[in-house]
Amino acid sequence: MTAEIAGSAPTADPAGMTPPTPLELRRAMGAFASGVTVITGMDGGEPVGFACQAFASVSLEPPLILFCADRGGRTWPKIRRSGRFTVNVLGEDQGDLRDRFGSGGGRRYEDLEWDLSRWGTPALPGVLLHVHAEVDTVHTAGDHDMVIGRVLEVRPGSARRPMIFFRGRFGVDSEPPAALGEAPPLSLGPGRLLNRGTPSTREGDSHRPGVNFPHLCGEGE
Ligand SMILES: Cc1cc2nc3c(=O)[nH]c(=O)nc-3n(C[C@H](O)[C@H](O)[C@H](O)COP(=O)(O)O)c2cc1C
C-alpha cells in the first residue's frame, strides 16, 4: 500500500516534482489508444467539421457524450453557434476523411459526397457510427472546451474495423518505440507523420509539435 492510499496528506510538490510539459504530456498520453471521429455541423448553410479523437460516452440516462475541442480551432465556434453536431466514427480505411478534416489545409467537403441528416447536420459516408447530438453544456478546460452533447439519435453504420490512434500513429501494429524512457524524436503531428500531404499549415494549429495538444501524441514519432 502506498503512503498516499494509507491516507497521509499529499504533498503539493513532492521532492520538487514539476508537472509535465505539453510535449511530455502529449507523448505520454499516446499510450492511450483511441478511435478517431469527425465532428460535423452546419454554419449558415455551409457544412463544417474537424477531426477529433477526444470523444467519449458519458451517460446512458440521460444519453450524453462528450468531445474536447481546441479553443483556438475555427470550426468548433461555428458548431457551437448552430447548437447541433454529428459525431462520425471513422473506419480503419478512412484515412482520406481523417486527412480532409484533420488539418488546417485539409480539403474538408471538396468533392465529397455527404448526406444531410434529419437533424440538419452533415453525415459522412461509410463510417462505423453516426451520433447525432445537440450541445448540452460546455466546460472550459485549459486550452480546450469540453463539450457535453445530448444524444438525439445513434445510427450504426458499416461493420468494419475502427481507425485507431496510438502513440502518434494510426493502427497498433507499427513498430513500438525503441525503449521506454529513451528520448524520442520530435513529432511533426499526424499529418506530417503520415506524410500524406496534409501537414498542419495553419499558424497556431494546436497539434504542431510540442504545442498544447495533449490528444495527439506519439512516443515513437
Ligand atoms: C487524428 C486527429 C485527431 C484530432 N483530435 C482532435 C481533438 O480531439 N480535438 C481538437 O480540437 N482537435 C483535434 N484534432 C485537430 C483538428 O482536427 C485540426 O486542428 C483541425 O485543423 C481543426 O480545424 P478547425 O481549425 O477548422 O477547427 C485532431 C486531428 C487529427 C488528425
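Figure 1. R108 lies in the loop between α4 (95-101) and β7 (115-116). Helices (H or I, at least four residues) and strands (E, at least two) are DSSP runs, numbered from the N terminus. This is a predicted model, in which local features need pLDDT of at least 70 and side-chain atom pairs count only at pLDDT 80 or more, while totals for chains, interfaces and linings use all residues. Residues are numbered from 1 along each chain as its sequence is written. R108 is not a glycine, yet its phi is positive, about 50°. D111 sits in the loop between α4 and β7 as well. Its phi is also positive, near 55°, and D111 is a residue other than glycine. Most residues other than glycine have a negative phi. Is R108 buried, partly exposed or exposed? R108 is partly exposed, because 18 other C-beta atoms lie within 10 Å. D111 counts as exposed, with 6 C-beta neighbours inside 10 Å. The cut-offs are these: a residue is buried if 20 or more other C-beta atoms lie within 10 Å of its own, exposed if 12 or fewer, and partly exposed in between; C-beta atoms are placed from the backbone.

Figure 2. A cis peptide bond joins E61 and P62, with omega about 0°. Most peptide bonds are trans. Strand β4 (residues 55-59) runs antiparallel to β5, and 4 bridges join them. Two strands pair if DSSP finds at least two bridges between them. Which residue of β5 is the bridge partner of F55? The partner is F67.

**Figure 3. β5 also pairs with β10.** The pairing of β5 and β10 is antiparallel and spans 7 bridges. Look for C68: its bridge partner in β10 is M146.

**Figure 4. β2 and β3 form a hairpin.** These two strands run antiparallel, joined by 7 bridges. V38 has A51 in β3 as its bridge partner. The hairpin has 2 residues between the strands, and G44 takes a positive phi near 55° there. How many residues of β3 are buried? The count is 5 of the 7, so β3 is largely enclosed by the rest of the structure.

Figure 5. Which residues of α3 are buried? In this helix (residues 75-82), they are T75, W76 and I79. The buried residues of α3 pack against several strands: β2 (37-43), β3 (46-52), β5 (64-70), β6 (84-89) and β10 (144-156). Just after α3 comes G83, with a positive phi of about 85°.

**Figure 6. The largest nonpolar core has 29 residues.** A nonpolar core is a set of buried Ala, Val, Leu, Ile, Met, Phe, Trp, Tyr and Cys residues joined through C-beta atoms within 7 Å. Which members touch the most other members? They are V38, I39, C52, F67, V87 and L90. At least two residues of this core come from each of β2, β3, β5, α3, β6, α4, β9 (129-141) and β11. β3 gives the most, with 4 residues. In soluble globular proteins, nonpolar side chains tend to be buried together.

**Figure 7. V38 and its contacts.** Two residues are in contact if their C-beta atoms, placed from the backbone, lie within 7 Å. Leaving out residues up to four places away in sequence, V38 touches G49, F50, A51, C52, N88, L90, L97, F101 and L124.

**Figure 8. Three strands make an open sheet.** The order is β1-β11-β12, and the pairing is antiparallel. Which strands are at the edges? They are β1 (34-35) and β12 (169-170), and each pairs on one side only. Strand β11 (residues 164-166) pairs with β1 over 2 bridges, in the antiparallel sense. S34 stands opposite F165 in β11.
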